[in-house]
Amino acid sequence: VTIVTGFLGSGKTTRVNELLRAPHGRRLAVIVNEFGDIGIDASRLAGPNEFVELDGGCLCCQLNADLEATLLRLRDRGGFDHLLVETTGLADPLPVAWTFGRGELVEAFRVDAIVTVVDVPNLSRIVAESPEGRDQIERADLLLLSKLDLALGSEATVLPLLQQLNPTARIVAAPRGELPWPLLLDVDAAPPRTGPSAHRHGTSFEAWSWQTEAIVSDAALEEFLRTLPRSVYRVKGLLRTDAPWEWSQVDAVAGRYEIAPAAGEQQPRPSVLVCIGIGLDREALEAAARRLPVGEAATP
């Protein structure tokens, strides 16, 4: 088992997708946990042999019992060599790892490693403002440095900070498209640490979601993302727009946003937009979202 964690918008799903496409010859199962009541990341995955989505909470909290039941079902079904568990951006990965040491699971699964994807451009803010983000770094066996192209020359500050938080983890640069997949499948780390969990959700993140059957204005969508308040840290979405490519994938982290064509299989109905942050002004977000549609979507 490889547990893939990392703070909101760090690039966990991107790395899992690269691993699913890598030429390792292994049959992979994937469990994805999303924060909020509408899942988006599932539609971005490249088709694992087995896939389970758990949404509406955090695997390390109220969904832990659901995780245990899911693992027992996967054990009984079989047909895969390696399991990837992608946590939410707010999860403490250590209680997730402990789940595999319970009862019947201990004979069926072995945790190979906790892998944390590190959002390098936003690392200082994450460490300063988020106990969840610090926990994810401190718990890791392997730290994957993400978005290095957006933080050129940052190694002098990033590496000492990470080594201070976790002096034993291996630190590896992982530019997009250059995932060191053997490390994610064969870390062979020591068993997860035992003892009482220091897990906390001290920053009270919350999720706001919006759906529509209407076609969304590409220009209005860009304005929506450009004017988001600082309280919105993470945005993700898959929307049918009036852009030339029709379906758009939205990614925004800490004020930086991207709108790109969505792959053919990434087309939910209705369109979905999710914002995650602290102290969200839901009325303002709803009002801004009402300005997005340009017309009703055609009947399929």
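Visitor: In this predicted model, which residue is the bridge partner of Ser 209 in β13?

Guide: The model is predicted, and in it β8 and β13, the latter spanning residues 271–278, run antiparallel and are joined by eight bridges. Within that pairing, Ala 207 has Ile 276 as its bridge partner in β13. For Ser 209, the bridge partner in β13 is Val 274.

Visitor: What is the order of the strands in the open sheet of five strands?

Guide: The edge strands, each pairing on one side only, are β8 (205–212) and β12 (256–261). Between β10 and β13 there are six antiparallel bridges, and one of the residues concerned is Leu 238, whose bridge partner in β13 is Val 272. Neighbouring strands of the sheet are turned by 10° against each other on average, direction ignored. With antiparallel pairing, the order is β8-β13-β10-β11-β12.

Visitor: Which strands of the sheet does helix α9 touch?

Guide: Helix α9, residues 218–226, packs on the sheet, and its direction makes about 160° with that of β12. Another helix, α10 (residues 282–289), lies across β8, β10 and β13 and runs at about 25° to β8. The strands touched by α9 are β8, β10, β11, β12 and β13.

Visitor: Which residues of the largest nonpolar core touch the most other members?

Guide: Nonpolar side chains tend to be buried together in soluble globular proteins. Here the largest nonpolar core has 20 residues, and the elements giving two or more residues to this core are β8, α9, β10, β11, β13 and α10. Apart from this core lies another, of 19 residues, among them Leu 84, Val 115, Val 172 and Leu 183. The members of the largest core that touch the most others are Trp 208, Phe 224, Leu 225, Val 235 and Leu 273.

Visitor: How many residues of β13 are buried?

Guide: Strand β13 is joined to β8 by eight bridges and to β10 by six, and helix α10 lies across β8, β10 and β13. The strand is mostly covered, and of its eight residues the number buried is seven.

Visitor: Why do the buried residues of helix α7 lie on the same side?

Guide: In α7 (residues 155–165) the buried residues include Val 158, Leu 162 and Leu 165, whereas Ala 156 and Gln 164, on the other side, are exposed. What covers the buried residues includes β5 (113–119), α5 (123–129), α6 (131–139), β6 (142–146) and β7 (170–173). Because an α-helix has 3.6 residues a turn, residues three or four places apart point the same way.

Visitor: How many residues of α6 are buried?

Guide: Helix α6 is among the elements that cover the buried residues of α7. The buried residues of α6 are Pro 131, Glu 132, Gly 133, Asp 135, Gln 136, Ile 137 and Arg 139. The helix is thus mostly covered, and of its nine residues the number buried is seven.

Visitor: Which residue stands opposite Ile 3 in β5?

Guide: From strand β1 (residues 2–5), Thr 2 and Val 4 point one way and Ile 3 and Thr 5 the other way, and all are buried. β1 pairs in the parallel sense with β4 (residues 82–86) over three bridges, where Ile 3 has Val 85 as its bridge partner. With β5 the pairing of β1 is likewise parallel, over four bridges, and the residue opposite Ile 3 is Ile 114.

Visitor: Is the pair of rings of Phe 7 and Tyr 233 stacked or edge-to-face?

Guide: Phe 7 lies in the loop between β1 and α1 (12–21) and Tyr 233 in strand β10, so that the pair, 226 residues apart, links distant parts of the chain. Both residues are buried. The ring centres are 5.3 Å apart and the planes stand at 70°; because planes over 60 degrees apart count as edge-to-face, the pair is edge-to-face.

Note on methods. Residues are numbered from 1 along each chain as its sequence is written. This is a predicted model: local features need pLDDT of at least 70, side-chain atom pairs count only at pLDDT 80 or more; totals for chains, interfaces and linings use all residues. Side-chain values use heavy atoms; hydrogens and water are left out. Two strands pair if DSSP finds at least two bridges between them. Axes are lines fitted to C-alpha atoms, for helices over the stretch in contact, and angles run from 0 to 180 degrees between N-to-C directions. Contact means heavy atoms within 4.5 Å. Buried means under 20% relative accessible area, exposed over 50%, partly exposed in between (1.4 Å probe, protein chains only). A nonpolar core is a set of buried Ala, Val, Leu, Ile, Met, Phe, Trp, Tyr and Cys residues joined through side-chain atoms within 4.5 Å. Rings of Phe, Tyr and Trp (its six-membered ring) pair if their centres lie within 6.5 Å; planes under 30 degrees apart count as stacked, over 60 as edge-to-face and the rest as tilted.
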